[in-house]
Protein chains: 2
Amino acid sequence: MTEKEYFPRDAGLSTDLYQLTMAAGYWAAGRRERAVFELFARRLPPDRSWLVAAGLEQALDYLANLRFTDDGIGHLRRLPVFATIDDGFFEFLRDLRFTGDVWAIPEGAPVFAGEPLLRVSAPLVEAQLAETFLLSAINFQTLIATKASRVVRAARGRGVIEFGARRAHTMGAAFYGARAAFIAGCIGTSNVEAGRAFDIPVFGTSAHSFIMSFPTEREAFDAYFRLFPDSTTLLLDTYDTIAAAHLATACGPRLRGVRLDSGDMGALARDVRAILDAAGMHETKIMASGDLDEAKISDLVSSGAPIDLFGVGTEIATSYDAPALGGVYKLVEIASDGFREGKMKLSPDKSTYPHPKQVWRAFADDDSMLGDLIAHEEEDYSADGCEPLLRQVMRGGELIEPPPDLRAVQSRARRELDRLPEIHQRLRDAAPYPVRYSERLDAARAQLIGRLSAGSEKR
Amino acid sequence: MTEKEYFPRDAGLSTDLYQLTMAAGYWAAGRRERAVFELFARRLPPDRSWLVAAGLEQALDYLANLRFTDDGIGHLRRLPVFATIDDGFFEFLRDLRFTGDVWAIPEGAPVFAGEPLLRVSAPLVEAQLAETFLLSAINFQTLIATKASRVVRAARGRGVIEFGARRAHTMGAAFYGARAAFIAGCIGTSNVEAGRAFDIPVFGTSAHSFIMSFPTEREAFDAYFRLFPDSTTLLLDTYDTIAAAHLATACGPRLRGVRLDSGDMGALARDVRAILDAAGMHETKIMASGDLDEAKISDLVSSGAPIDLFGVGTEIATSYDAPALGGVYKLVEIASDGFREGKMKLSPDKSTYPHPKQVWRAFADDDSMLGDLIAHEEEDYSADGCEPLLRQVMRGGELIEPPPDLRAVQSRARRELDRLPEIHQRLRDAAPYPVRYSERLDAARAQLIGRLSAGSEKR
């Protein structure tokens, strides 16, 4: 499976040490209860007014493959911290598989702060161990899909190609980032491996070095166009963009495109368009690249610059202006002896809501999104015309259905984001989309705060 | 080799499409000349006044393993863009190995804008193909090592532990990021896999969920301390930090540490220190974590807060305030028929210096760094007491020596950065370190600009 490229070879050790020491703690204390954890972002990153859910397929893949190798267990035994731990714990790890149930918001859906993207119900140790990887997969791909969706919106129908492998945080990040960017509406990637693994269209032009390596720019253009007569995009800015545009007209109308990579993109695009049109090359596309972000693209599009395609690297590949999504994975319930007890933390600015949750989305008559309600999973708002966002995706450690096709996910992302009203979709200063908690959850939280505060006096 | 975790399984396709189309272009044009490319950062990221070189071991590993699999070649043949390409090109790819020579600045060395971290001299196609991966490996690890070195400096001798797996851009980025952070002086990581692969000390405490899962905080503390009597660090802020500190005193002086994760760290550290000291727990360490960066750490240290260790996640793992290093890989020379021709591009703001280069570093009598000179590789400033930074690390595609031990690299980073004068080392508003080009390079560049500009009139 090429999709497993960059997947950890030893999933059990692909985690933070404290997940394993806590696992030992649970094991030694005889804790076998079922726990429910939820993964959500407390706040949206700066300048974001929505998130695009992504990374679920890799998260589930990890859960389905979570196990400890003999090598991995041998390594743990040799760590000083585990020197005092009973052999039984390592036997337990050797047999450990993920046997839990998982609910999730599907990839491509718009989500907001506080909404669980993932809910895991499993024996305490299994649910806890998975925290680091689940957060890593979903934080990262959701981050990139969200950023890419902003860039794609800014381009208003012009194609956006993800170009960022050289600036992504390792080739593995480039690989999964290309996937997330495609979900969010990019039409392709420059990344050959990602194209193969995820069946994403791949695009390429040429580099300055190619042109510089020939005695003249004309010879470089000729060599490339002769070889790729139907798919050549010539890079124009190695020496002088306008002079190069005139050279490019020698290729005639079969030339697929030209790329601008520096200078005043709006003015250059107009001049180059005029040069191409004067040569009858109306079908030859103009691509712009070079440190572009959603603001620059929006300005270029608004100004009417005749640019057909945008190549975006660093900004999408690293979500440059907001390079981390602060998703967290929090215990919300422990069930034992048939009794389910809500759990929450009280830390300043970091307190949570107890109990397993469902997110209900309300729509207006024109099908646009009205607002979301985060409710106890036992509540049902379908009679009010709301739709539940979390669906069960794993039962007893088994996938309920194969992951959806990535193009279907991309379509969902476009369709669903189109339902978000314009005022919530502005690239800056958007009105916050309304999300509230149900009365039942608010009451449960108030009650638990009272109990924990009273309890802390006894502690 | 566990170091190969997260290494691409098909190195040939681990690249941008245009590297492969350009390769076809070179191949079809019969271009077999030797080319020299250099990898450098045009500018330092915002608020950076030095870089710490990192990622070389993985870059060389890639070059030593660069090849095309049958599957990979089969995939390329099926891409529409290659439909018109002769079989001979794919035969050529099947036999392709990296056979070039590489010079590099060693990992851990401080470097500055414009200085080549890597110089590759190889047949044109080989040198070009490697661009994407080399940039990815060195841009990312240098970015993280640089950020981590700022955090480590800010902590002024207190330990810094890298904690960022859940926010890193995939677990693979967490893995190599932990390596880069260790080079820069972090004393360890929470990442178990990285600890194993790179022999980095691993650290862990416990999570809020562990504490919340027990009926009372006291029971959670007891369960953990009983199991790990010599290595327990208790997390204090799940409900109320001060109340938890009092509970922690029940463990007695054997308790290794406590962790503060929210609230006013300075004030809490003082109060908790007083509580621990009153219980005779003078050896119990206080660790602080929670959205810490170099500025907050510097303030805490300056204020005399009794914090012994800092756990830093997002800020190091993503280089949050400057999440990309704009390293580039540029053609500087083509050699054919015994004649070596300097190459450069003229694009606005992106022009380069021709010819292979060496970086010479000058030192003062007290051994502190005075300034760097970027010179033609044929120049020699050793008589002036300068030291050359680039050394040959690969010859004919073979490593000249095994990679250095990571602890030796960490020592070099500390030792060398200590030689950077304080005025260049401030975390903000540092004076730029002096770097200039040699007269020979300046003259060569001026001459080539004249020739290229004259040439562009003919084009």
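**View 1. Ala288(B) stands opposite Phe310(B) in strand E11(B).** The model is predicted: local features need pLDDT of at least 70, side-chain atom pairs count only at pLDDT 80 or more, and totals for chains, interfaces and linings use all residues. Residues are numbered from 1 along each chain as its sequence is written, and chains are lettered from A and ligands numbered from 1 in the order in which they are written. Strand E10 (residues 285–289) of chain B pairs with strand E11 (residues 309–312) of chain B in the parallel sense over 3 bridges; two strands pair if DSSP finds at least two bridges between them. Helices (H or I, at least four residues) and strands (E, at least two) are DSSP runs, numbered from the N terminus. Together with helix H13 (residues 294–302) of chain B, E10(B) and E11(B) form a right-handed β-α-β unit. Right-handed here refers to a path from the first strand over the helix to the second that runs clockwise, with the strands pointing away from the viewer.

**View 2. Strand E10(B) and its pairing with E9(B).** Of the 5 residues in E10(B), 4 are buried. A residue is buried if 20 or more other C-beta atoms lie within 10 Å of its own, exposed if 12 or fewer, and partly exposed in between, with C-beta atoms placed from the backbone. Strand E9 (residues 257–260) of chain B runs parallel to E10(B) and is joined to it by 4 bridges. Val258(B) has Ile286(B) as its bridge partner in E10(B). From E9(B) the chain passes through helix H12 (residues 265–278) of chain B to E10(B) in a right-handed β-α-β crossover.

**View 3. The open sheet of 6 strands in chain A.** The strand order is E7-E6-E11-E10-E9-E8, with parallel pairing. Strands E7 (188–189) and E8 (233–235) of chain A are at the edges and have a single partner strand each, so one side of each is left without a neighbour in the sheet. Strand E6 (residues 159–162) of chain A is joined by 4 bridges to strand E11 (residues 309–312) of chain A, and the two run parallel. Val312(A) in E11(A) is the bridge partner of Glu162(A).

View 4. Met369(A) counts as buried because it has 20 C-beta neighbours inside 10 Å. Apart from neighbours within four places in sequence, Met369(A) is in contact with Arg361(A), Phe363(A), Arg419(A), Leu420(A) and Pro421(A). Residues are in contact if their C-beta atoms, placed from the backbone, lie within 7 Å.

**View 5. Domain 1 (12–140 + 325–458) and domain 2 (145–318) of chain A.** The bounds come from an automatic or database domain assignment. The domain centres, taken over C-alpha atoms, are separated by 38 Å. The contact takes 16 residues from domain 1 of chain A and 18 residues from domain 2 of chain A. On the domain 1 side, helix H15(A) supplies the largest share, 6 residues.

**View 6. The contact between chain A and chain B.** Each chain contributes 94 residues: 94 from chain A and 94 from chain B. Helix H1 (residues 17–28) of chain A gives the largest share of the chain A side, 8 residues. A rotation of 180 degrees with 0.0 Å of shift along its axis superposes chain A on chain B (RMSD 0.0 Å); superposition is by least squares on the C-alpha atoms of residues with pLDDT of at least 70 in both copies. The two copies are therefore related as by a two-fold rotation axis. Tyr6(A) has the C-alpha nearest the axis in chain A, 2.4 Å from it.

Terms used. Contact = placed C-beta atoms within 7 Å.
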